[in-house]
Amino acid sequence: MIKLTKLEKTILEAIKTAPLGLPDWHALAKAEHIALDYIQQRVEWMRRAGIIR
């Protein structure tokens, strides 16, 4: 099983708590002090890995 990083757990939580399952990626990037592009890359990787749909 894949062990998730803190960022990946944060992404999963953002998806669970967002209305319609559409998180505000800009706000998450700002809150985590991470580039938006990096978050989007992680989300795409998580989709390809089957962690999220």
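Reply: On one side of helix H2, His 26, Lys 30 and Ala 31 are exposed, where exposed means over 50% relative accessible area, buried under 20% and partly exposed in between, with a 1.4 Å probe and protein chains only. Helices here are DSSP runs of H or I with at least four residues, numbered from the N terminus. The model is a predicted one, in which local features need pLDDT of at least 70 and side-chain atom pairs count only at pLDDT 80 or more, while totals for chains, interfaces and linings use all residues. Residues are numbered from 1 along each chain as its sequence is written, and side-chain values use heavy atoms, with hydrogens and water left out.

The buried residues of H2, which spans residues 25-32, are Trp 25, Leu 28 and Ala 29. Seen down the axis of H2, these buried residues fall within an arc of 100 degrees, so they line one face of the helix; the arc is taken from the directions that run from the helix axis to the C-beta atoms. They pack against helix H1 (6-17) and helix H3 (36-48), with contact meaning heavy atoms within 4.5 Å. After H2 comes His 33, whose phi is positive, near 55 degrees.

Turning to the partner H3, the axes of H2 and H3 come within 9 Å and cross at roughly 115 degrees, the axes being lines fitted to C-alpha atoms, for helices over the stretch in contact, with angles running from 0 to 180 degrees between N-to-C directions. H2 and H3 are therefore roughly perpendicular to each other, a class that covers 65 to 115 degrees, whereas angles under 35 count as roughly parallel, over 145 as roughly antiparallel and the rest as oblique. The contact brings Trp 25, His 26, Leu 28 and Ala 29 of H2 against Leu 36, Ile 39 and Val 43 of H3. By residue class, this contact of H2 with H3 holds six nonpolar residues, one polar and no charged, where Ala, Val, Leu, Ile, Met, Phe, Trp, Tyr, Cys and Pro count as nonpolar, Asp, Glu, Lys and Arg as charged, and the others, Gly among them, as polar.

H1, which the buried residues of H2 also pack against, has its own approach to H3: the axes of H1 and H3 come within 11 Å and cross at roughly 80 degrees.

Key
Helix = DSSP H or I, 4+ residues; strand = E, 2+ residues; numbered from the N terminus.
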